[in-house]
Amino acid sequence: MNGDILLLVLIIIGLIGRSPIITTAACVLLIVKLIHLERYLPTIERRGLELGLLFLTMGVLVPFASQRITYKDITSMFTTWPGILALLGGAIATYMNGKGLELLKIDPQLVVGLVIGSIFGIIFLKGIPVGPLMAAGITAFLLKLFTFMFDKLK
């Protein structure tokens with residue numbers, strides 16, 4: 001399928017699904033293609049994730065910079081169940097991201113499924129895209145789980 005048509009379809013899907021992120025991303029990429037700046041697509045692909053994660057992390061750290069997080073808030077991370085579970089969740093998420101990166105190195109064509117699944121999640125499940133690594137990490141976990149379950153059933 002022609003990339004321009006696919007981007008137009010994504011714009012329409014984003015508009016119908018009320019997903020400004022998908023709509024904007026597809027519009028920007030279509031503009032890049034239409035004004036013949038395709039030579040920047042590999043750079044956008046390579047650095048776009050890093051920039052997105054940078055801005056996401058900055059957004060999450062703003063309460064520290066604006067001093068809305070106190071030492072009491074920080075110590076509660078180590079002394080309350082929600083805080084301890086948040087620490088555990090962060091550790092598990094980064095572990096899964098690492099497994100996702102390993103999976104993508106072994107099987108890079110899975111990116112197509114991850115992208116389509118992410119679009120589905122954004123539009124129909126009102127999710128927020130945080131990157132293909134977490135999606136790949138969850139996929140790696142599901143692959144291990146299915147392998148474990150179905151190898152036991154044989």
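This passage describes the fold, the surface and some selected residues of a predicted model.

The model is predicted, so local features need pLDDT of at least 70 and side-chain atom pairs count only at pLDDT 80 or more, while totals for chains, interfaces and linings use all residues. Residues are numbered from 1 along each chain as its sequence is written, and side-chain values use heavy atoms, with hydrogens and water left out.

The protein chain contains seven helices and zero strands. Its pattern along the sequence is α-α-α-α-α-α-α. Helices (H or I, at least four residues) and strands (E, at least two) are DSSP runs, numbered from the N terminus. The radius of gyration of the protein chain is 19 Å, whereas a compact globule of 154 residues would have a value near 15 Å. This radius is taken over C-alpha atoms, and the globule rule is 2.2 Å times the number of residues to the power 0.38. Along the principal axes, the C-alpha atoms fill a box of roughly 55 × 55 × 30 Å.

Of the 154 residues in the protein chain, 16% are buried. Buried means under 20% relative accessible area, exposed means over 50%, and partly exposed lies in between (1.4 Å probe, protein chains only). The protein chain exposes about 11,700 Å², and carbon and sulfur atoms supply 75% of this area. Accessible areas come from the Shrake-Rupley method with a 1.4 Å probe; for residues, only the protein chains shown count as cover. Among contacts with a separation of 6 or more, 50% join residues 24 or more positions apart. A contact means heavy atoms within 4.5 Å.

The protein chain carries 13 positive and 8 negative charges, and their mean positions are 6 Å apart. Lys and Arg count as positive and Asp and Glu as negative; His and the chain ends are not counted. Each charge is placed at NZ of Lys, CZ of Arg, CG of Asp or CD of Glu.

The structure holds two aromatic pairs. The ring centres of Phe120 and Phe124 are 5.1 Å apart and the planes are at 45 degrees, so this pair is tilted. Rings of Phe, Tyr and Trp (its six-membered ring) pair if their centres lie within 6.5 Å; planes under 30 degrees apart count as stacked, over 60 as edge-to-face and the rest as tilted. Both Phe120 and Phe124 belong to helix H6 (residues 110-124). They are four residues apart, about one turn of the helix. Phe120 is partly exposed at 45% relative accessibility, and Phe124 is exposed at 57%. Phe146 and Phe150 form a tilted pair, with 5.7 Å centre to centre and 55 degrees between the planes. Both lie in helix H7 (residues 132-153), four residues apart, about one turn of the helix. Phe146 is partly exposed at 44%, as is Phe150 at 43%.

Gly83 sits in helix H5 (residues 81-106). At 1% relative accessibility, Gly83 is buried. Neighbours within four places in sequence aside, Gly83 is in contact with Ser76 and Met77.

Two loop residues complete the description. His36 lies in the loop between helix H2 (20-34) and helix H3 (41-65). Phi of His36 is near 60 degrees, a positive value in a residue other than glycine. His36 is exposed, at 58% relative accessible area. Gln67 is placed in the loop between H3 and helix H4 (71-79). Phi of Gln67 is also positive, near 60 degrees, and Gln67 is exposed at 68%.
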